[in-house]
Amino acid sequence: MSHESRTESVPDRLIVQDASSAAGAGRNDAIPRAGESGTGSVDRAAAAGGGLLLVGVALAAANMRPAVTSLSSVLGGVRDSLGAGATWASVLTSVPTLCFGVAGISAPLLARRWGMQRVVGVALGLLTLAMLVRVTGGATTVFAGTVVACGAIAMCNVLIPVVVKESFPNRVGMATGIYTTAMAAGGSIGSAFTPWLRTELGGWRLALATWSVLALAAFVIWATAGRNASTGSSPATPSRSKGDKSLARSPLAWAVTGYFAMQSLVAYVIMGWLPEVFKSAGTGAGTAGALLGLVLLIGVPISMVLPPLVTRTNGQSVWTVGLAATAIAGFLGILLAPMTAPVLWAVLIGTGMSAFPLALVLISLRSSNAAETSRLSGMAQSTGYLIASTGPFLFGVLHNTTGSWTASLLVLIGVLTVQAIIGVFAGRPRTV
């Protein structure tokens with residue numbers, strides 16, 4: 001079945017896919033089905049999705065990146081201050097993707113038992129505490145606090161899009177735009193301002209702790225909004241008929257999973273290590289953090305316009321290759337002439353990182369119905385994030401072994417080449 005024959009709206013399905021779990025649970029809980037009391041539930045959900053909840057969604061989304069990008073922008077200073085080794089830093093940068101993979105399994109299970117609103121609220125509370133606690137001790141405390149913080153972020157990453165779908169059924173596009181923009185902006189601001197905060201506040205501990213204020217604000221607003229709006233406490237799981245084949249036997253499903261894994265690996269290497277690469281090339285810490293902020297900021301407008309564009313083409317292979325080639329050009333610039341045009345290299349890399357929304361679109365277009373989308377998304381995201389978690393660790397270890405970033409960057413360019421090749425197959429207009 002070709003994607004051109006579908007009648008579902010892509011933005012709606014993107015919400016479904018972005019909240020995937022390994023089992024595909026909790027994906028379509030907000031979509032009224034034929035034969036159900038759809039009108040009444042939609043009216044109630046629309047009423048629940050008030051302005052305060054929308055603010056809560058935006059603030060929660062804004063917290064999904066600063067815990068990672070703020071630390072990466074001052075990682076070298078933190079490591080030196082704590083007397084930690086390069087292996088510690090390499091493992092630390094792998095934490096987010098590991099958490100995202102595990103959360104794909106655990107978040108829907110917790111949501112089924114306790115309700116999405118409550119789980120997200122607890123996650124935001126844990127995030128606030130973890131960001132405070134991790135700056136109070138040594139290397140072990142920083143590591144443990146970061147693990148808890150990333151676990152909390154992962155829970156929100158899985159569940160908030162489902163809350164958006166359920167609470168704003170008639171305003172999905174608007175709410176999603178606010179959600180994705182806030183997420184990208186939060187990551188950019190966290191990277192750009194943390195080096196400045198370190199200078200102004202006299203150290204990295206207070207600089208990192210400052211971002212807990214944003215998490216606390218999200219927790220307070222979310223808790224307040226939760227008193228006036230409730231989302232389904234028992235999300236429905238899309239049914240799977242006995243005739244459905246296992247996606248593990250589908251080459252196309254593995255191509256989509258491979259594409260998601262490769263682009264995630266590249267993205268988290270960038271978020272974890274790019275400031276250190278720029279600092280090694282000769283930029284100051286503040287400039288390096290600002291360049292990472294620029295990389296993340298570029299994704300805001302691109303993420304808004306890319307999905308509608310790619311769905312108008314008969315196949316997305318050209319887009320997958322083009323984005324990978326753009327990122328490769330940026331990394332080649334850093335490798336060959338890092339200080340010649342660092343802003344240009346950052347813009348090219350940021351453009352190439354827009355493979356993330358493209359990967360989400362591919363999950364939607366390569367499946368023929370909501371249940372299939374859920375299954376494919378669960379496979380792509382849980383497996384993909386676990387594969388991607390090896391990237392930041394190996395990138396750092398390779399640098400520590402060779403004493404330079406050259407080998408690490410060459411391997412990353414190789415990963416982007418594999419991403420482009422897999423993308424050719426994942427981008428062909430067919431379904432699993």
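This is a predicted model: local features need pLDDT of at least 70, side-chain atom pairs count only at pLDDT 80 or more; totals for chains, interfaces and linings use all residues.
Visitor: Before we start, what does "buried" mean here?
Guide: Buried means under 20% relative accessible area, exposed means over 50%, and partly exposed is in between.

Visitor: Okay, so is A218 buried or exposed?
Guide: A218 has a relative accessible area of 0%, so it is buried.

Visitor: Where do I find A218?
Guide: Look in helix α11, which covers residues 212–228.

Visitor: And what does A218 touch?
Guide: Leaving out residues up to four places away in sequence, A218 touches L59, A60, N63 and L124. There's also T128: A218 and T128 are 90 residues apart in sequence, with their C-alpha atoms 9.2 Å apart in space.

Visitor: Let's zoom out. How many helices and strands does the protein chain have?
Guide: There are 19 helices and 0 strands.

Visitor: How much of the protein chain is buried?
Guide: Buried residues make up 57% of the 432 residues.

Visitor: What about the accessible surface?
Guide: That comes to about 16100 Å² for the protein chain, and 67% of it belongs to carbon and sulfur atoms.

Visitor: What share of the contacts joins residues at least 24 apart?
Guide: Counting contacts between residues at least 6 apart in sequence, the share is 84%.

Visitor: Now the inside. Which residues touch the most other members of the largest nonpolar core?
Guide: Those are W88, I160, I270, F331 and I334, in a core of 123 residues.

Visitor: Which helix gives the most to this core?
Guide: Helix α12, residues 251–281, gives the most, with 19 residues.

Visitor: Tell me about I270. What does it touch?
Guide: With residues up to four places away in sequence not counted, I270 touches P275, L292, V295, F331, I349 and M353. F331 is also one of the residues that touch the most other core members.

Visitor: Is E276 buried or exposed?
Guide: E276 is buried, because its relative accessible area is 9%. K279 counts as partly exposed, at 22% relative accessibility.

Visitor: How many salt bridges are there?
Guide: The count comes to 2 salt bridges. R79 forms one with D80, where the closest N and O atoms are 3.9 Å apart.

Visitor: And D80, buried or exposed?
Guide: D80 has a relative accessible area of 58%, so it is exposed.

Visitor: New topic: how many aromatic pairs does the structure hold?
Guide: It holds 5 aromatic pairs. Take F193 and W196: their ring centres are 6.4 Å apart and their planes are at 85 degrees, so this pair is edge-to-face.

Visitor: Why are F193 and W196 about one helical turn apart?
Guide: Because they are 3 residues apart in helix α9, residues 172–201.

Visitor: Which residues do ring pairs link into a cluster?
Guide: That cluster is F260, F356 and Y385.

Visitor: What about A103, buried or exposed?
Guide: A103 is buried, with a relative accessible area of 2%. Its place is in helix α6, the helix where V102 is found.

Visitor: What does A103 touch?
Guide: A103 touches P108, A154, M155 and V158, not counting residues up to four places away in sequence. As for L159, A103 and L159 are 56 residues apart along the chain, and 9.8 Å separates their C-alpha atoms.

Visitor: Last one: where is V305?
Guide: V305 sits in helix α13, residues 285–310. At 47% relative accessibility, V305 is partly exposed. V305 and P357 are 52 residues apart in sequence, and 10.0 Å apart in space from C-alpha to C-alpha.

Note on methods. Residues are numbered from 1 along each chain as its sequence is written. Side-chain values use heavy atoms; hydrogens and water are left out. Helices (H or I, at least four residues) and strands (E, at least two) are DSSP runs, numbered from the N terminus. A nonpolar core is a set of buried Ala, Val, Leu, Ile, Met, Phe, Trp, Tyr and Cys residues joined through side-chain atoms within 4.5 Å. Buried means under 20% relative accessible area, exposed over 50%, partly exposed in between (1.4 Å probe, protein chains only). Contact means heavy atoms within 4.5 Å. Rings of Phe, Tyr and Trp (its six-membered ring) pair if their centres lie within 6.5 Å; planes under 30 degrees apart count as stacked, over 60 as edge-to-face and the rest as tilted. Accessible areas come from the Shrake-Rupley method with a 1.4 Å probe; for residues, only the protein chains shown count as cover. A salt bridge is a side-chain nitrogen of Lys or Arg within 4 Å of a carboxyl oxygen of Asp or Glu.
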